[in-house]
Amino acid sequence: AAPAGLESDPRARILVVGDGPLAPTLHAQARQAGLGDGVRWAGFRRDVPSLLAASDLFVLPSLHDAFPTVLLEAMAAGLAVVATRTGGVPEIVADGHTGILVPPGDAPALARAVAQLLASPEERTTLGEAGRRRAFAEFSSPAWVGRLEGVYRQAATGARPRA
C-alpha cells in the first residue's frame, strides 16, 4: 500500500517506528518498490509521544493483533487511525467514527483509506478528536478501574453479571 499512498500525496512521508528481525526484509522491500526517501526508518524509539504529536495520521496494517495498545496511544494523541479489521482492533477503533478499518492484507483498501485521510484534514481532525475522547472514556486507567470496581461490587453483593 505504501507506493499508492505516496503517489496520492507526493509530500507524504511514511515513518516506520520499531525494530526487529524483519527489519532487513522490510528495508529491501521498500528499496525494491522504489520508495526511496518516502519511507523513514526510525528504529526503536523511546520518544513515541513526540513522534505521534508530529504525525498527521497513524496506520497499523497488522495481519494479526490481539489488542494493539499502540492504537490507544495514537488515539489518545488525537490522531485519526487507519487499521486492519483483525483481532481486537475493532474493539478499539470504531470504524467511520474514530478511524477507518480495512480488511487485513487488502493493500488497495489500505491505500485508499490513507489517501482519503491525507486529502481531508477536516476528516482527520474529526476522527482524531473522536478517537481521543474514546481512548480516555473507554480505555484510560480510570475507565478500567471503574469497570473493575463494578465487577467487584457485583461479586460482593452476589448479583449476576449483566449480559
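Hi everyone, let me begin with a definition: helices (H or I, at least four residues) and strands (E, at least two) are DSSP runs, numbered from the N terminus. The model we are looking at is predicted, so local features need pLDDT of at least 70, side-chain atom pairs count only at pLDDT 80 or more, and totals for chains, interfaces and linings use all residues. Residues are numbered from 1 along each chain as its sequence is written, and side-chain values use heavy atoms, with hydrogens and water left out.

First, the overall picture. The protein has 8 helices and 5 strands, and from the N terminus they follow the order α-β-α-β-α-β-α-β-α-β-α-α-α. Its C-alpha trace spans about 65 × 35 × 30 Å along the principal axes.

Now to helix 8, residues 141-157. With 17 residues, helix 8 reaches 24 Å from first C-alpha to last, close to the expected 24 Å; that expected span is 1.5 Å times one less than the number of residues. Just after helix 8 comes Gly-158, with a positive phi of about 75°.

Let's move to one residue, Thr-84, in strand 4 (residues 81-84). Is Thr-84 buried or exposed? Thr-84 counts as buried because its relative accessibility is 3%; buried means under 20% relative accessible area, exposed over 50%, partly exposed in between (1.4 Å probe, protein chains only).

And what surrounds it? Leaving aside neighbours within four places in sequence, Thr-84 is in contact with several residues, among them Leu-60, Val-89 and Pro-103, where contact means heavy atoms within 4.5 Å. Ser-62 is also one of these, and the Thr-84 side chain reaches the backbone oxygen of Ser-62 at 2.4 Å.

Definitions and conventions. Polar contact = N/O pair within 3.5 Å; in protein donor to acceptor, adjacent residues only side chain to side chain.
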